[in-house]
Amino acid sequence: MDILTQQLFNGLTIGSVYSLVALGLTLVYGILHIPNFAHGALYMLGAYITLTLMLLWGIHYWIAMAVSVLVVGLLGVLMDRLVFHPLRNAPPIHDKIAAIGMLLFLEAFAQLIWGADYRTMTTPYGQVINLFGTTATMQRVLINIGAIAVMILLYLFLKKTYIGATIIAMAQNREGAHLVGINTNKVAMLTFMISGGLAAIAASLSAPINLVFPGMGHLVILKAFVIIILGGMGSIPGAILGGYILGFTESLGATYISNDYKDLIAFLLLVIILSIRPKGLFSREGF
Amino acid sequence: MGAYLKKRGWMIGFILLAVVFPFLSQNDYFLHVLTLAFIWMIAVYGLNLLAGYTGYLSLAHAGFFAIGAYALGLLTVKAGLNYWIALVLACVITSAIGFVVGLVALRTREHFFAIYTLCVGYIIYLVIDKWDSLTGGVRGLIGIPAPTAIGPISFETPLSQYYLILFFLLATILIMYRIIHSLTGRTFIAIRNSEDLAQTIGISTMKNKLLVFVLSTFFAGLAGALYASFIRFIGPDIGYITIIFDFLTYLLVGGLGTLAGPIVGTFLIVSVSQSLQFLQDYRMLIFGPLLTILIIFYPRGIAGAYLDFRMKRQARKKKSVPSKQTSYVQQSQEDEEKRVKEG
Amino acid sequence: MFIETRQLTKKFGGLVAVNEVDFTIEKGKINAIIGPNGAGKSTFFNLVSGSYTPSSGQVFYKGKDITKLPPNKIATLGVARTFQTTNLFEQSTVLDNVIVGHRLRTRSNLLDAVLRTKRYKLEEKKCRDKAMEVLDFVELTHVRGELAVNISQEEKKRVAFALALATDPEVVFLDEPTAGINPGETEGLAALMEKMVKRGITVCLIEHKMKMIMKLADKIMVLNYGEKIAEGTSEEIMNNQAVIEAYLGGDASA
Ligand SMILES: Nc1ncnc2c1ncn2[C@@H]1O[C@H](COP(=O)(O)OP(=O)(O)O)[C@@H](O)[C@H]1O
Ligand SMILES: [Mg+2]
């Protein structure tokens with residue numbers, strides 16, 4: 001088996017997950033200019049909800065995931081209404097602290113309900129298959145297909161539907177959108193719904209190849225921030241591209257440089273980028 | 001003198017209480033908890049100067065705390081340096097790293113600054129965690145000595161450590177007090193208020209921000225170094241992001257950008273945590289929402305709410321000018337009402 | 001020549017906000033810039049005060065090229081400004097808001113502050129005295145102890161003036177100083193500007209209120225879509241065909 005192909009496939013898989021998480025983050029940033037530090041907690045809850053539904057009631061993986069998407073999406077909406085909306089005119093430091101407060105709460109909440117143990121999620125897709133000369137579990141293939149399908153759906157939604165168009169309009173010009181009669185509050189809620197949903201999908205897809213625990217969102221969310229700075233805060237193609245770039249870099253770095261320090265790659269990348277370009281790679285915001 | 005006492009009453013009260021506490025309670029455990037709280041307070045004061053008075057939310061300060069702790073630990077344990085020299089060096093090293101980080105980080109603003117520092121903090125944590133040969137990795141660093149005696153004063157007992165760390169805390173408060181109430185402090189506050197405006201009244205914002213950043217890392221480093229010699233054992237966990245979240249909670253509850261805030265918040269949260277022992281890992285179930293609610297309704301915490309209250313009472317006494325609330329929620333509601341009326 | 005811009009240009013992406021503007025600001029006079037919303041007036045101020053760097057062109061102050069200087073250096077040279085939106089520190093008193101304005105004329109540093117040196121004490125007093133002086137100048141002595149949240153809109157504008165004056169400027173740039181203020185108060189602010197000029201401070205302001213500007217200004221420049229379309233005294237401007245067409249829409253008293 002070719003190590004390089006194997007690692008490229010791994011990179012693609014990791015990248016898919018990163019892209020989905022970063023997409024949710026970048027959507028919210030694009031519309032509301034909030035860096036939602038609590039997004040990682042939504043990701044974590046997404047995994048737990050799917051897992052619980054499967055274990056407790058034996059609900060099928062896909063249905064459990066759908067419920068999880070709905071629940072986490074609504075949680076996102078709740079966050080917007082209860083916290084971010086009231087803070088929209090506050091100094092920029094405030095919404096970040098509020099988001100951190102929610103992150104801490106949701107993590108403690110998860111620990112209370114599910115305990116601090118690392119858990120595994122078993123899906124019906126554990127079988128190993130052969131793919132272009134490399135082997136992979138069916139789950140890994142599903143992550144890739146699922147992520148790409150979601151991205152295409154999101155694209156169609158944003159470009160082909162009226163509601164999607166309002167989201168894009170608002171991302172480009174909030175004041176203008178308000179003036180032409182777009183209900184900016186509704187668009188904000190919808191964006192949080194989608195953002196939470198994307199996090200739940202990413203978590204539910206990737207949980208079977210990772211572990212589920214209260215702190216599982218930390219690294220992912222940090223990296224998602226790196227990605228959206230890499231790809232331009234608020235940019236959708238940037239989030240997707242950035243996710244895959246980081247996925248490949250990490251997976252190759254882990255093999256050819258050091259497995260211990262692979263998590264460092266993302267942060268070093270970010271530190272370097274912001275050192276050279278303090279406003280991110282693409283300081284122009286929008287889609 | 002009377003006015004002086006009234007204005008700084010809380011401070012004098014706190015000092016008196018802290019000094020006599022060991023005579024009131026012979027409980028070593030309480031002494032331990034309080035000493036630890038003093039250490040947190042020093043670090044929180046550092047963070048307050050940066051986030052509270054200058055408006056830059058650094059999420060790397062747990063990392064600088066850890067750098068101070070590890071610098072002291074390594075200099076005493078591995079290099080065998082005298083404790084006091086190591087303490088000074090630990091602060092210098094932390095500030096130097098703070099200078100380099102600040103030089104780059106402060107070119108970014110707002111979200112970018114928060115994310116940047118979050119990543120810097122994480123890098124520091126990862127390096128400590130993975131650099132086994134230097135830091136001992138996850139096993140941590142043991143056998144850190146207590147402060148060596150100065151002449152006849154030794155620092156072996158919990159009581160002497162308590163007073164030593166109280167001394168450092170009081171020095172920190174004094175320095176903070178003097179900075180805040182000086183032209184330098186006003187300069188920082190002007191930057192927090194509006195960087196553009198600050199620049200047009202002739203303030204070099206970069207120079208001043210760098211100064212604050214280095215200062216605040218200095219205090220984080222000092223706190224870390226004191227922590228190392230007090231607990232005598234350190235692990236990578238002290239640099240993890242949960243620590244910075246703790247600092248933030250202390251600061252927010254007490255009052256961001258107030259002088260009493262770090263003391264009030266840290267003391268309150270630490271003592272509440274003590275009485276809520278059974279909650280342990282779940283304390284964030286309460287503190288998390290508390291953080292969020294405070295920032296929405298009382299962005300300047302307990303100390304800030306008290307100051308507002310006092311200010312309002314004074315205003316009412318002087319004449320009946322209605323003093324406005326400071327919560328941004330109310331402000332934006334007023335804006336909305338205005339808009340509705342106008343529109 | 002006091003302040004002079006040569007071919008001053010600022011582009012934001014494709015938008016040319018200020019386009020090759022030549023303008024001189026005359027010492028000891030009230031200079032005004034008028035023009036419709038979005039004409040590039042604030043951008044012009046930002047270029048002169050150093051908040052933006054020009055895409056091309058130059059700015060001279062007393063014969064010195066200040067085009068590339070950062071705003072704090074320009075302020076030190078004696079150029080002060082106010083912003084279109086007044087951003088005071090609302091939780092501080094009026095006096096506290098103004099004291100920091102004189103910071104640029106002091107040298108005491110962190111160590112002075114911590115050690116409470118003689119220099120620190122002298123300079124603290126110097127800044128406080130300066131603040132009292134300029135508050136007296138803008139006639140706000142009576143509210144100096146109030147929190148900035150609690151004072152009126154017009155008083156806030158005056159505080160912004162005071163803050164600019166505390167820097168010991170030779171010229172002040174005022175961006176729409178009378179926006180959102182009633183006619184009576186507007187006259188008060190106009191009188192204040194005249195008082196500044198009498199003190200030897202050059203004034204340059206952006207204004208929308210035509211009647212007032214025509215009475216007040218010694219020299220007016222009209223911007224439209226970033227370009228200077230006219231320059232001269234009030235009479236010249238009022239009778240300028242290009243201005244009437246482009247801006248006043250045929251009604252000079254608008
Ligand atoms: N920082 C900026 N980035 C992009 N465009 C800007 C910026 N500042 C001003 N503009 C644009 O430049 C033009 C002139 O703006 P401005 O100088 O504020 O006009 P005025 O003060 O005359 O009303 C406007 O079209 C405005 O949208
Ligand atoms: Mg303007």
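With a relative accessible area of 57%, C:R199 is exposed (over 50%; buried is under 20% and partly exposed in between, with a 1.4 Å probe and protein chains only). This is a predicted model, in which local features need pLDDT of at least 70 and side-chain atom pairs count only at pLDDT 80 or more, while totals for chains, interfaces and linings use all residues. Residues are numbered from 1 along each chain as its sequence is written, chains are lettered from A and ligands numbered from 1 in the order written, and side-chain values use heavy atoms, without hydrogens and water.

Turning to the metal, the magnesium ion (ligand 2) is coordinated by C:S42 (OG) and C:Q84 (OE1) at 2.1 to 2.3 Å; donors are N, O and S atoms within 2.8 Å of the metal (3.2 Å for Na, K and Ca), and sites may look incomplete because water is not among the atoms. C:S42 belongs to helix α1 (residues 41-48) and C:Q84 to the loop between β6 (79-81) and α3 (94-99) of chain C, so the pair ties together parts 42 residues apart in sequence. C:S42 is partly exposed at 22%, and C:Q84 is partly exposed at 36%.

Between chains B and A, the contact (heavy atoms within 4.5 Å) takes 44 residues from chain B and 50 residues from chain A.

Key: Helices (H or I, at least four residues) and strands (E, at least two) are DSSP runs, numbered from the N terminus.
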